[in-house]
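Student: Hi! I'm new to this one, could you walk me through it?
Tutor: Happy to, let's have a look together.
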Amino acid sequence: MAKQMAYSARDPNEEAQFQSLIARCKEGDQAAHEALYNAVAGDVYRLAYSLLLHPQDSEDVVQEVMVYVFRSLHQFDPQRGSFRTWLYTITVSRCRNARRRKWLPTVALSSLIGMKGEPRAPSAQSPEVAVAWRNACESLERALGALSPRLCEAIVLRYGQGLTYREMAEVLNCPQKTAESRVRLAHEALRSILNDVEIGLLEEFSSA
Amino acid sequence: MYLKVPFSRRQATLSMRCRTIRHQLKAYVTDQLSQAQRLRLAKHIAHCESCYAELQCELATVYELKRHLPALGQPNAAQLARIWQGVKAQTWQKPPRYTDLRPASALLTLTLTLMCAAFVFRGSAAVAAPLPPSPAIVRATLTPIFTETPDPLGNAMARPTASLTALYANAPSAAPAPSARKP
């Protein structure tokens, strides 16, 4: 198992595609902006949601991040790191700001009128598996909410976004060994929390 | 949170080698061991059932995280479209320019200036102008109140001849009549 292996099946030519899109964006091509948004917005939303665990806050953060990225494309230097690393650095920073703002009590409008978010279970599964999937995601959300913000960022970037430890160190602005130890500590804490709630996800999905 | 992980009795009875391996298991499942360390760990696990069971637990946790964390917070198309509309509005929408409103604002400023000036000068003229005399006062000043009449006793003291009651009757009464106070 390679030490720098990433878990996500990322396109090796992704960075070259980003560079060509960025070059077109700098020329004012609106279609290139939309293509760049479609390429990264889903990942940015997943990262924001994993860190904030709130749909509306995550949407606000994604919008804020993308507006900042489009306005600051001339500041991006490909020599210093990949576009995705730069994007995640901005996202993590905005999520930290949003978490600070969350100290003020707020009530989501959707909770007042009884709306709920879209189910995230795969649509092609049976209802039992979908329920088990939703329960597993809710348990994982509770476990992530119990983690400290630094450990949560580390584990989400590692397993949720598939970054290498070197990329994590760039995003979190810390030494690589610090990123490794945060992942180790988060793994240990999550294991104890997940064992406490007795979710037994492995058995559920292996039997489904 | 890390410090709250219980140090079980079973772990306290482990050999020194097993304790070292348990510590390395967490590093192993998070891809933080070198090739030589992984080989040593594999040799130990091959003949230690308790460490192998512990490795299975660690791998199950990693499996759950790898499986569920990427699926956490998958946005739907409506959310992404809503965010894109907001991004477009903020990125390309230029701030409103008020060049069309310049003549109107100049006219408004001029009008306000003129109104302020008129108010100031009107107030000062009212303060400087004397109050017009009321008819009662005019009549009272023009009518001699005190006239000298020959006193049979030879007293040269002035006596009022003009009736003061007539003067007061012409003046506006400040207080209402006593009968008006009755309910």
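Student: What lies over the face of A:Y165?
Tutor: That is A:R158, at 4.1 Å from the ring centre. A charge sits over a ring if NZ of Lys or CZ of Arg is within 6 Å of the ring centre and within 35 degrees of the ring normal. Before we go on: this is a predicted model, where local features need pLDDT of at least 70, side-chain atom pairs count only at pLDDT 80 or more, and totals for chains, interfaces and linings use all residues. Residues are numbered from 1 along each chain as its sequence is written, chains are lettered from A and ligands numbered from 1 in the order in which they are written, and side-chain values use heavy atoms, leaving out hydrogens and water.

Student: Got it. And what about A:Y68, which residue lies over its face?
Tutor: There you find A:R94, at 4.7 Å from the ring centre.

Student: How many aromatic pairs does the structure hold?
Tutor: Over all chains there are 9. Rings of Phe, Tyr and Trp (its six-membered ring) pair if their centres lie within 6.5 Å; planes under 30 degrees apart count as stacked, over 60 as edge-to-face and the rest as tilted. Take A:Y37 and B:W84: their ring centres are 4.9 Å apart and their planes at 35°, so this pair is tilted.

Student: Why does that pair join two chains?
Tutor: Because A:Y37 lies in helix α2 (residues 30-52) of chain A, while B:W84 lies in helix α5 (residues 77-92) of chain B. Helices here are DSSP runs (H or I, at least four residues), as are strands (E, at least two), numbered from the N terminus.

Student: Are A:Y37 and B:W84 buried or exposed?
Tutor: Both are buried. Buried means under 20% relative accessible area, exposed over 50%, and partly exposed in between (1.4 Å probe, protein chains only).

Student: What kind of pair do A:Y45 and A:Y49 make?
Tutor: Their ring centres are 6.2 Å apart and their planes at 20°, so they are stacked. They sit 4 residues apart in helix α2 of chain A, separated by about one helical turn, and both are buried.

Student: Switching to chain B, how many helices and strands has it?
Tutor: It has 8 helices and 2 strands. From the N terminus on, the elements run α-α-α-α-α-α-α-β-β-α. Of the 183 residues in chain B, 22% count as buried.
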